[in-house]
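Dear colleague,

I am handing over the structure below, and I would be grateful if you could look through it alongside the notes that follow.

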Amino acid sequence: MFRQLIHIKAPLLSLIRCQDRGTKVGKYNLKVLASFFTTSVMAKSKFEYVRNFETDDTCLRNCYIVVRLDGRNFHKFAEQHGFAKPNDDRALSLMTRSARSVMEELEDIVIAYGQSDEYSFIFKRSSNWFKRRASKLMTHVASQFSSSYVFYWKDYFGEQPLLYPPGFDGRVVLYPSNRNLRDYLSWRQADCHINNLYNTTFWSLVLKGRLSTTQAEDRLKGTVAGDKNEILFSEFNMNYNSEPLHHRKGTSLIWEKVDETTTKQIKVLNEEKEVTVTKTRKRVTALHCDIIGDQFWKEHPEILEDDGC
């Protein structure tokens, strides 16, 4: 080290003596030395101009950032893995577990909503995660979700093998007001109801009514919600409103504060005593309820930030 330093041409401040060999070396200005040792690492190259091709994808401030993931070609994935029709509770639970993993990783997500093979993650308006870069947010959510889906597969499907890794595509949408965000989530829950009512009726016709898929499609052409409810009730003795809530309403994930109580042993005047300690922490909670009406939002006002709307 010292032998290297005496060959550097830099401002000499004073002379010091190396105690082990008695060699005279220079004590140099630290800024000059730092510059010398980092120049080779930090040096610009002639190729660095390619960075100028990157586009600015910073999300507009004061807007909710919504990242929505959708399963890629999940009809084929569900068929090859033998998902139950019209709803496979193992698959739905795995989707929710993967979404929880995303929320626990990115605490600025104030609510997530999922149904079928999709999940929407809403970042609070004031979030500055990844400097609000859309590509960073989307890729992080997608990669965390996808890896979690594979990681937790056995927890829900047991020894059934995962034949190939699933794929999820993502998009980023900004919503400037609370009303816009609520309308977005209402749209996704309405979509959940429409799709689930159709699928429940369709697969009842196929699995219980012994129709072919083509015949079931023809039977449902031009029908409205009332017609489908009538088919379920009159032909299969099914009341659609009695179907599981997570099938009809989807799943909403929110942060809730919970109290955790533990006991600890402490010493007081050389005597051990047992004391109770209560700590409050946040955890992700799954709800299966209506989020279109006002009741949900009155019960969870912390989700929305005041915007005067």
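**Backbone features**

Proline 86 is found in the loop between helix 3 (74–80) and helix 4 (89–105), where helices (H or I, at least four residues) and strands (E, at least two) are DSSP runs numbered from the N terminus. The peptide bond that leads from lysine 85 into proline 86 is cis, with omega near 0°. This is a predicted model, in which local features need pLDDT of at least 70 and side-chain atom pairs count only at pLDDT 80 or more, while totals for chains, interfaces and linings use all residues. Residues are numbered from 1 along each chain as its sequence is written, and side-chain values use heavy atoms, with hydrogens and water left out.

Most residues other than glycine have a negative phi, and most peptide bonds are trans. Asparagine 62, in the loop between helix 2 (30–42) and strand 3, has a positive phi near 65°. Lysine 131, in the loop between strand 5 (118–123) and helix 5 (134–151), likewise has a positive phi, near 55°.

**Helix packing**

Two packed helices are described by the angle between their axes and the distance between the axes. Axes here are lines fitted to C-alpha atoms, for helices over the stretch in contact, and angles run from 0 to 180 degrees between N-to-C directions.

The axes of helix 4 and helix 5 come within 8 Å and cross at roughly 135°. That makes helix 4 oblique to helix 5 (angles under 35 degrees count as roughly parallel, over 145 as roughly antiparallel, 65 to 115 as roughly perpendicular and the rest as oblique). In contact (heavy atoms within 4.5 Å) are Leu94, Met95, Ser98, Ala99, Ser101, Val102 and Glu105 of helix 4 with His140, Val141, Gln144, Phe145, Ser148 and Tyr149 of helix 5. These residues divide into 7 nonpolar, 5 polar and 1 charged, with Ala, Val, Leu, Ile, Met, Phe, Trp, Tyr, Cys and Pro counted as nonpolar, Asp, Glu, Lys and Arg as charged, and the others, Gly among them, as polar.

Helix 7 (residues 178–207) packs against helix 8 (residues 213–220) at an angle of about 130°, with axes 9 Å apart, and the two are therefore oblique to each other. Their crossing is right-handed, and the residues in contact include Tyr198 and Phe202 of helix 7 and Ala216 and Leu220 of helix 8.

Helix 7 also packs with helix 9 (residues 225–236), at an angle of about 35° and with axes 10 Å apart, in a left-handed crossing. Among the residues that meet are Leu197 and Leu205 in helix 7 and Ile231 and Phe236 in helix 9; by class, this contact has 7 nonpolar, 4 polar and 2 charged residues.

**Annotated site**

The unreviewed UniProt entry carries the annotation "binding site" for Asp70, Gly71, Arg72, Asn73, Phe74, His75, Ser116 and Asp117; its positions are given in the numbering used here, feature names are shortened, and annotations may be inferred rather than shown by experiment. Although spread over 48 residues of sequence, these residues cluster in space, the largest C-alpha distance being 12.7 Å. Of them, Phe74, His75, Ser116 and Asp117 are included in the lining of the largest pocket (on a 1 Å grid over the protein atoms alone, a pocket is an open set of points where a 1.4 Å probe fits, with protein on both sides within 12 Å along at least five of seven lines, and lining residues have an atom within 4 Å of a point). Glycine 71 lies in strand 3 (residues 64–71).

Best regards

Terms used. Left-handed = near helix turned anticlockwise from the far one by under 90°.
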